[in-house]
Amino acid sequence: MEFNGDIMHDLDSSSEAPPKYKQIADMLRAKICSLEYPPGDKLPSDSELSKHFSSSRLTVIRALRQLESEGLVERKAGSGTYVGLQRDNAAHSFGLLFPNLGEGEIFEPICAGLARAGSSSQQALIWGNISNSSVNKEAQALELCNSFIARRVDGVFFAPLELTSHTKEINQQIVNRLDEASIPIILLDRSIQPFPEPTQHDLVGIDNWREGCRMAKYLLDLGCTRLGFVGRPGSAPTVNARIAGLSEAMRQYSSGMSSECILMADPTDIDTVQRWVEVVRPDGVLCATDYTAGQLMHTLAKLGIAVPQTIRLVGFDDVRYASILPVPLTTLRQPCLEIGIAAMKAMLARLEDPSMVPRTISLDCELIVRASCGANPNYSMSSQFG
């Protein structure tokens, strides 16, 4: 098996980072969880892994032994390392229903956290692969849900659909079918209910209202007076929560925020973005995700609008390319691995006491400051609006 090029993260060698073998184990675990390395497949040799991760062979071997102890791989003398098959003697089996896996970067490390937390109590995770086509994705999500019911799994970790034609209806059908089958659900990252309605199932993620408010206040503290928000139509309820947080920050600092300051459109649509900028004249923009922020940054560059000199720009998630955009992106880093670990603990607690009221477990984010917000002293803050 050859490596896909995007597996290569920059391994953090700082004193606060986990040991290098754990970083390598986390990367490989995420690829196994996402089915990039399906059960039974042979991994590259120790030497190939060592070269790819710029690490010693002993460090790679230690990482593989860690995964072997979790039942994720099997090392065969004289043959190599193979992705493990599902354990039949697991205490519980859980389905992973992640329709958007592969489209963003937050779900692979969440999977890795689930696998890490489940390994200590011998939980089996059952993965399913869903294509990127929106129509197929909806049908396949329902099919996968039905397969989990047929296999009588003990619980399902569900990251609800977004950005599809019938997102709300399909998400509701999935939870209804699992509820009817008495299969516990842990929602990951997002609710299926519109913000601010309470969720009817356990949810593990971040407090998007609080973090949206936090990012808006950060921009306001930097001197912004006209904030805008950019996202894509059909986004998850988390986006509306971030907008509400932004609005609250504006209310606290000034008279509030009008609806025209919110742009829910394709950030690569240069005409739409230009009209919005001319009307709103934002000096700071909070984007729903880093992906949206990156696209908007390129569009603003085509319009001759400088980041951060004219518009300070921030995002959410801290995806890999956020630091290598034309202007490195200030963003909030989601604790994805920890979300996965907390979700497994929440599932086990739910199995132990099914009568508990639904819980929302919110983890804290880390603010990552880069040049796009203008906090970097190497960037001039002169305005081009006049």
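# Reading a predicted model: helices, sheets and buried residues

Modeller: In helix α9, the residues T272, V273, W276, V277 and V280 are buried. The arc they span around the axis of α9 is 130°, so these buried residues line one face of the helix. Note that the model is predicted.

Biologist: Which exposed residues does the face of α9 turned away from its buried side carry?

Modeller: That face carries R275, E278 and V279.

Biologist: What covers the buried residues of α9?

Modeller: The cover includes strands β8, β9 and β10, and also helix α10 (290-302). As for placement, α9 spans residues 270-280 and lies across β8, β9 and β10, running at about 170° to β9. Just after α9, R281 has a positive phi of about 55°.

Biologist: How should I read the sheet under that helix? What is the order of its strands?

Modeller: Start with the general idea. Strands of a sheet pair through backbone hydrogen bonds, in either a parallel or an antiparallel sense. Here the order is β9-β8-β10-β11-β12-β14, an open sheet of 6 strands with mixed pairing. At the edges stand β9 (262-264) and β14 (366-368), each with a single partner strand, so one side of each has no neighbour in the sheet. On average, neighbouring strands of this sheet are turned by 20° against each other, direction ignored.

Biologist: Take one pair from it. How many bridges join β11 to β12?

Modeller: There are 4 bridges between β11 (residues 312-317) and β12 (residues 330-333), and the two strands run parallel. Within this pair, D317 stands opposite R333 in β12.

Biologist: Which strands does helix α7 lie across?

Modeller: Helix α7, residues 208-221, lies across β8 (227-231), β10 (284-287), β11, β12 and β14. Its direction is at about 160° to β11.

Biologist: Now the sheet that contains β13. What is its order, and what is its pairing?

Modeller: This is an open sheet of 6 strands in the order β4-β3-β5-β6-β7-β13, and the pairing is parallel. The edge strands are β4 (123-127) and β13 (360-363); each has a single partner strand, so one side of each is left without a neighbour in the sheet. Neighbouring strands are turned by 20° against each other on average, direction ignored.

Biologist: Which helix lies across β3, β4, β5, β6, β7 and β13?

Modeller: That is α11, running at about 165° to β7. Helix α11 covers residues 336-352 and contains G340. The relative accessible area of G340 is 0%, so G340 counts as buried. Leaving out residues up to four places away in sequence, G340 touches I110, G113 and L114.

Biologist: Where is D189, and is D189 buried or exposed?

Modeller: D189 is in the loop between β6 (185-188) and β7 (202-206). Its relative accessibility is 5%, and under 20% counts as buried, so D189 is buried. The side chains of D189 and R190 are joined by a polar contact of 3.1 Å. Residues up to four places away in sequence aside, D189 touches I106, F107, L203, V204, G205, N208, T238 and Q334.

Biologist: One feature remains, the hairpin. Which strands form the hairpin, and how many residues lie between them?

Modeller: The hairpin is formed by β1 and β2, with 3 residues between them. In the turn, G78 has a positive phi of about 80°. Strand β1 (residues 73-76) pairs with β2 (residues 80-83) in the antiparallel sense over 4 bridges. Across this pair, R75 stands opposite T81 in β2.

Key
Residues numbered from 1 in each chain as written. Predicted model: local features only at pLDDT ≥ 70, side-chain atom pairs only at ≥ 80, totals over all residues. Heavy atoms only, no water. Pairing = 2+ DSSP bridges. Buried < 20%, exposed > 50% of the residue type's maximum accessible area, 1.4 Å probe, protein only. Polar contact = N/O pair within 3.5 Å; in protein donor to acceptor, adjacent residues only side chain to side chain. Contact = heavy atoms within 4.5 Å. Axes fitted to C-alpha atoms, helices over the stretch in contact; angles between N-to-C directions. Arc of directions from axis to C-beta.
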